[in-house]
Amino acid sequence: MTVEQHDLQGNVLCGYGFPLASFACVRVREASAGRRLLAELRPRLTDATSWGSSPPPCAINLSIGWQGLRALGLPDAMLEHFPEELRAGMAERADLLGDADDAAPGHWQEELEPGRVQLVVTLSGRDAAGLEQARATLRDALEQAGPDVGLEHEEPTAVIAAPGEPLAREHFGFADGFAQPAIDDPRAGPYNKPGQGTPRGERRWKPIAPGEFVLGYRDEDGILPGAELGPLGRNATFTVLRKLEQDVAGFRAFLDEHADERGPEWLASRLMGRWRDGTPVEASPEAPHPSWAGEPRGRRLNNFRYGGDPDGHRCPLGAHVRRANPRDGLGWGGTLTRRHRIIRRGMPYGSPLPDGATDDRADRGLMFVCHQASIARQFEVIQGLWLADGDALGLGDDTDPIVAGPRPTPAPGKFTIQGREPRFVGPLRRFVTMRGGEYLFTPGLAAVQALAGGAARA
């Protein structure tokens, strides 16, 4: 089934690729004012239709948290049909997600504390002028809506790219953003690359049903997600927003402290499961492949599997990318992972820490964003069961070495590098700290219009 791109908000199935974005958190103090804001924003929101070779200067999109849906005046009879995890909010799921100690909700940034995030307007710019145009559009919409809605907080972000490098990087220095699920939709074909779907046979890959990410379309089990939401459940998705602070200096110091004769880059590749340029350790264990990262859109960087390495002798079982997408590594030819994929649209925030620099204590990290049809089945399985816990992977209390801090246990957290003589690296420390966010509903454009017009009002 072909997704109705004219009604789907942009940057869900196909990314914009813009270098600048800002996440604007808007507070609604009175329902009618909130609906006026939606009416003002609706014609200015960006849909998913192709731009061809002429991208606009900016793009604007809207997501709504549980508290935002309530603030807009949706009746309880409708609100109760939204998934339990959205109604509970991300903070209530902190134990499952591994958001503990200094990453617990009580330590979140004030503007992103539990219940504070109502509406998130994502502003994307082709350049600085384009981003400012998007900001001006939002300011105008807020002014027209009146004083009972207001901009509470804004998180600016920017792609980290070095001259001559084909792929963007995140703050730890790894290529990022090129591994996305392949979508079974005719118009997504040019963006699909080998290895982004689910394994089919020994060499082929199957694209993933659009209903895994967009409500109103068949998913991998043939079910139509979102039907319980009525007209709001068409061309919508559920979105996760998390501000993740990265301790770059601490990560570099850990590599230097625990590296053996093969050096810190070798250890970094084992922790991540990829070399810095994106080359998968599973496909090239000893060194980055000299040409793969330079190929158009990194076509071969995702074309690998774990089924032939069940013991983790090529790529450690606990490496970050292996845990986040085990592919066929859990057995059954990848059947156990096909219902747990997400589309990532995050952006780095803060200025990069220069190579060799001492810790400047600056705030830097990733505004993590992902889209899926079920937050519980997709994001929470990945974050809670695969990254923040090790049982499903046969790793016991071992957590993800990159994005999940060690769980409180009698023994300090460790990372295991399997081999003829296994090596244990540790004690692990927290390199990524949750600083706030929320679970969100990203409606289709017709649904935005319905919400703005009060069609869903009590």
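Reader: Which are the buried residues of α10?

Author: This is a predicted model. In α10 the buried residues are F379, E380, V381, I382, Q383, G384, W386 and L387.

Reader: What makes helix α10 largely enclosed by the rest of the structure?

Author: A residue is called buried when its relative accessible area is under 20%. Of the 9 residues of helix α10 (residues 379-387), 8 are buried, so the helix is largely enclosed by the rest of the structure. The cover over these buried residues includes α4 (84-88), α5 (94-97), β7 (237-246), α9 (320-324), β10 (365-372) and β13 (432-442).

Reader: Why is R339 called buried?

Author: R339 has a relative accessible area of 13%, and the cut-off for buried is under 20%. R339 therefore counts as buried. Its place is in the loop between α9 and β8 (343-344).

Reader: What does the side chain of R339 make a polar contact with?

Author: The partner is the side chain of D221, at 2.6 Å. A polar contact needs a pair of N or O atoms within 3.5 Å, and 2.6 Å meets that limit. Leaving aside neighbours within four places in sequence, R339 is in contact with E212, D219, E220, D221, R377 and Q378.

Reader: How do you know that E170 counts as buried?

Author: The relative accessibility of E170 is 11%. Buried means under 20%, so E170 counts as buried. E170 is found in the loop between β4 (149-158) and β5 (198-200).

Reader: Which residues does E170 touch, not counting those up to four places away in sequence?

Author: E170 touches I160, D176 and Q246. With Q246 there is also a polar contact between the side chains, at 2.9 Å. The limit for a polar contact is 3.5 Å.

Reader: How are two packed helices described?

Author: They are described by the angle between their axes and the distance between the axes. For helix α7 (residues 248-258) and helix α8 (residues 264-272), the axes come within 8 Å and cross at roughly 115°. The crossing of α7 past α8 is right-handed.

Reader: Which residues make the contact of α7 with α8, and how do they divide into nonpolar, polar and charged?

Author: From α7 come F251, F254, L255, D256 and H258, and from α8 come P264, L267, A268 and L271. They divide into 7 nonpolar, 1 polar and 1 charged.

Terms used:
Residues are numbered from 1 along each chain as its sequence is written. This is a predicted model: local features need pLDDT of at least 70, side-chain atom pairs count only at pLDDT 80 or more; totals for chains, interfaces and linings use all residues. Side-chain values use heavy atoms; hydrogens and water are left out. Buried means under 20% relative accessible area, exposed over 50%, partly exposed in between (1.4 Å probe, protein chains only). Helices (H or I, at least four residues) and strands (E, at least two) are DSSP runs, numbered from the N terminus. Contact means heavy atoms within 4.5 Å. A polar contact is a pair of N or O atoms within 3.5 Å; within protein, one must be able to donate a hydrogen and the other to accept it, and residues adjacent in sequence count only if both atoms are side-chain atoms. Axes are lines fitted to C-alpha atoms, for helices over the stretch in contact, and angles run from 0 to 180 degrees between N-to-C directions. A crossing is left-handed if the near helix is turned anticlockwise from the far one by less than a right angle, and right-handed if clockwise. Ala, Val, Leu, Ile, Met, Phe, Trp, Tyr, Cys and Pro count as nonpolar, Asp, Glu, Lys and Arg as charged, and the others, Gly among them, as polar.
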